[in-house]
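Here are some notes to read alongside the model.

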Amino acid sequence: IDRDNVTQDDVNPLLMLPGKTPGVASFVKYQSYLNFLIQDMHNFTLKYRITRAWAGHLPSGYRLGVLGVMALDEADICMSAIFPFRNRIDEFEFVHSSYKFIIGFAFRVSSESSDSSASLLAPLHTSVWISLILTMLIILIVELTVRIIFIVYKFSFSGSTAKDFVDIMGALCQQGIDPIPRNIVQRIIILFTLFLAFFLYNYYTSSVVGVLLSTPVKGPTTVEELLGSSYMFSFDDVGYHRILFREKKTPIVGKIYEKKMIGVKRGPKDLPMYTDIFSAVPFIKSGKWAYHCDLTEAYSAVAKTFTDYEICDLRTVCGLFPIFYLQAILPKFSQYKELMKIAFMHLQEVGFVKRALTIYQIEKPDCLSGISVFAVGFQAVSGAFYVLILGMCLSLLILVGEILWKNLKEKEVKILINLWPKFRQRNRGNFNGFKLKAVAIIDRDNVTEADVNHLMELPGKTPGITNFVKFQSHLNLYLLEIYNFTVSYRIARAWTGRLPSGHKLGFIGILSRGEVDMAMAAAIYVPDRKDDCDFVHTSYRAIFGFVFRVTSDSSASEASLMAPLHRDVWTSLFVTIFIILLVGLLVRGIYFFTKLSVSGSTSRDFVDIFAALCQQGIDPMPRNVVQRIIVLMMLIMAFFLYNYYTSSVVGVLLSTPVKGPRNIEEIVASSYKLSVDDTSFHRVIFRERKTSNVERIYDKIIRLKRGPTDLPMYAPISTAIPFIKSGRWAWHSELTESFSTIAKNLNALEICDLRTTSGLYESAYDNEFAVLPKFSQYKEMMKISFMWLHETGFVKRGLTIYRSEKPECFSGISVFAVGFQAVSAAFYVLIAGMCLPSGIVLKN
């Protein structure tokens with residue numbers, strides 16, 4: 001007990017005092033509490049020897065403190081736990097460990113604005129607002145000074161003094177200025193005021209949004225970070241802290257002593273180097289002090305004095321002491337060793353140790369408050385003011401330069417004028433109506449050159465023309481207007497192909513031979529095409545895949561009480577009830593003719609069966625075993641049906657929508673019938689069948705027996721729509737050109753059931769490129785032109801028109817019916833139950 005004038009009679013009251021007691025550590029009270037319980041258990045008394053420290057040595061080597069008394073065997077038991085250092089194992093008997101000694105710094109992260117000031121001014125520090133007001137005053141003074149100078153020198157100057165004030169406030173509030181000042185000096189002042197407002201708005205909104213979205217401010221997380229912070233240090237007034245700084249065994253302790261202890265001037269109102277927790281709590285609350293102590297003692301004081309907001313700002317950092325489980329000790333070779341070990345074990349088993357820990361080892365109080373607003377300091381936003389000061393200096397320099405310029409001009413000194421070069425707008429390339437040859441890919445009969453532009457400009461999906469072909473033609477028409485050229489078309493019906501002689505066919509073949517100047521279609525990038533053409537621009541990402549609908553036989557409009565179970569389940573249930581009634585009548589007739597005892601009546605049987613089905617109970621219970629079994633099996637069947645009914649409804653409400661097949665393997669294994677878009681690249685891919693996925697899909701399509709009312713192997717989107725809606729067909733196409741047609745033909749509920757999966761083309765072949773013949777003279781010109789279209793937004797506009805996204809689901813929840821197969825077990829149980837009473841009837 002580290003306090004003056006403590007006698008034997010004072011020990012017990014001091015050790016039993018609740019809360020923190022000066023001079024008595026919490027773990028000493030904890031150990032004493034357990035020793036008092038053992039005293040009651042074994043009926044002995046205590047005579048105390050009081051020490052003021054745990055350990056120490058005289059120059060002669062004589063041991064001091066608690067450890068000295070115990071090492072010299074001058075006491076039988078110790079009322080304090082100690083640190084379990086290795087060099088103490090040979091001197092003492094360690095008999096019990098349960099108190100986790102966590103010692104560290106406790107501090108608060110906070111701002112100088114209190115929690116109650118979370119107003120519009122809170123996100124910026126008071127110093128920032130004061131600086132802003134002073135800055136605006138300076139700007140107005142500078143503006144007036146500039147106006148006076150311009151009037152004196154008879155310079156042209158727009159507006160008025162009142163207009164200057166309005167302009168500055170308008171710039172600060174980011175509201176714009178109309179009309180814009182004609183004078184350069186005024187423009188620069190307004191420009192840098194806008195800069196200031198821009199930075200301040202950034203920090204203001206970031207402060208608010210950051211507090212709302214981010215985790216609370218952590219503050220320093222290590223002793224090194226805390227040492228480098230602005231926090232001042234104080235330590236609990238206990239012996240082990242004085243020993244720590246007297247010995248300074250670790251570098252970090254030496255640094256703290258030099259920088260935060262003797263290196264800090266402490267005023268009369270500051271915390272001393274060593275103090276108690278009660279004196280330290282107000283300084284911890286201020287957010288400027290870090291207090292080192294046994295954290296369980298700090299938590300108790302903090303919980304009583306801090307508000308909810310302040311508790312949320314509390315942080316701790318450990319590091320000067322290792323985290324130990326403190327040990328109860330006895331003198332070496334003590335005769336009480338085994339007795340005390342057993343006693344401590346008994347206390348642990350019956351819960352007294354846990355009770356003692358609850359009393360003396362307080363946990364960190366929980367944060368139960370809302371969000372605190374942390375103000376941004378002046379240092380964080382000082383850059384905005386520096387930018388403004390720079391702008392003001394620049395505007396004043398320009399003013400001085402204009403004055404000198406006017407004086408020089410009045411003296412008719414010839415100087416160089418027109419310092420700013422005049423840039424003329426670069427004339428665009430002009431082909432003067434020159435005709436270029438272009439290849440267009442249109443897979444339909446009897447298309448002439450005159451039809452091409454008309455077909456390319458048709459809205460929506462056009463048979464024989466893919467949307468990425470229309471998209472590329474759309475961009476090429478912009479180039480036609482920019483460079484003033486005309487186009488003559490050559491029409492191809494396929495992208496590529498070869499004759500047995502090796503002659504290349506189709507779109508790629510025409511380009512590879514240089515028979516045209518440009519292409520009115522984009523092409524998929526394939527490595528072996530690099531020798532045939534130049535790829536100059538990519539922006540259209542084609543997505544190939546299957547589109548299908550997940551659905552049930554009950555339509556979405558039938559979301560009634562009967563929807564969770566399939567129609568065949570309800571039919572089976574009604575038929576089953578009818579059969580049960582017939583069986584009940586048959587049993588009653590057999591019992592009547594054989595003169596066996598049977599309870600109730602025919603109408604009573606009818607009521608009992610429906611009560612069992614509705615899970616309402618039966619009173620009185622039938623006395624006959626056969627009747628009881630019939631009712632029991634009805635209850636079991638009703639139990640299963642109710643389970644599936646409620647699970648179907650709850651499952652739809654809580655689970656994600658039905659996904660359906662997600663890849664080629666699952667679509668092949670599913671019950672969906674397959675068809676593909678009527679385009680030439682589908683015919684080519686099925687003819688060549690280069691990948692295993694294509695082979696599997698082709699096998700499934702070929703094996704399918706198609707009736708006159710089924711989809712053919714190749715079908716356009718207009719034909720495929722009703723089959724997709726039916727929920728039995730999956731249709732493969734370039735999805736972005738199909739979504740617009742699908743969105744027009746499916747209702748909101750059907751769109752929610754729409755699913756897509758990966759397709760026959762690999763993702764590496766999704767990007768479509770604008771192409772030119774190899775070594776084309778127009779290559780660089782076209783590259784620059786497509787880049788310009790991209791920068792000015794024409795490419796994005798083309799994508800908006802021709803590349804549709806999957807329509808969004810805006811409907812409610814569809815109820816998917818449970819099929820008969822899922823609930824058939826309930827009926828099988830009932831059938832088994834009916835067979836059992838039939839056997840009993842025959843036996844009787």
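1. Let's begin with R52: at 44% relative accessibility, this residue counts as partly exposed (buried is under 20% relative accessible area, exposed over 50%, partly exposed in between, with a 1.4 Å probe and protein chains only). Its side chain meets that of D2 in a salt bridge, 3.0 Å from N to O (a side-chain nitrogen of Lys or Arg within 4 Å of a carboxyl oxygen of Asp or Glu). The two sit 50 residues apart, with R52 in the loop between α2 (26–42) and β1 (56–57) and D2 in the segment before α1 (8–16). D2 is also partly exposed, at 25%.

2. A word on the basis: this is a predicted model, where local features need pLDDT of at least 70, side-chain atom pairs count only at pLDDT 80 or more, and totals for chains, interfaces and linings use all residues. Residues are numbered from 1 along each chain as its sequence is written, and side-chain values use heavy atoms, leaving out hydrogens and water.

3. The whole structure has 27 salt bridges. One of them joins R49 and E74, at 2.2 Å from N to O. R49 lies in the loop between α2 and β1, while E74 is 25 residues away in the loop between α3 (65–71) and β3. R49 is exposed at 51%, whereas E74 is partly exposed at 37%.

4. Now the sheets. β4 (residues 103–108) runs antiparallel to β8 over five bridges, and R108 stands opposite L314 in β8.

5. Another open sheet has three strands, β11-β10-β14, paired in parallel. Its edges are β11 (485–492) and β14 (518–519). β10 (residues 434–441) and β11 share eight bridges, with L436 partnering V487 of β11.

6. Finally, which residues of β9 (residues 324–331) are covered? Seven of its eight are buried. β9 pairs with β3 (residues 92–101) in the antiparallel sense over eight bridges, and F324 in β9 is the bridge partner of F101.

Definitions and conventions
Two strands pair if DSSP finds at least two bridges between them. Helices (H or I, at least four residues) and strands (E, at least two) are DSSP runs, numbered from the N terminus.
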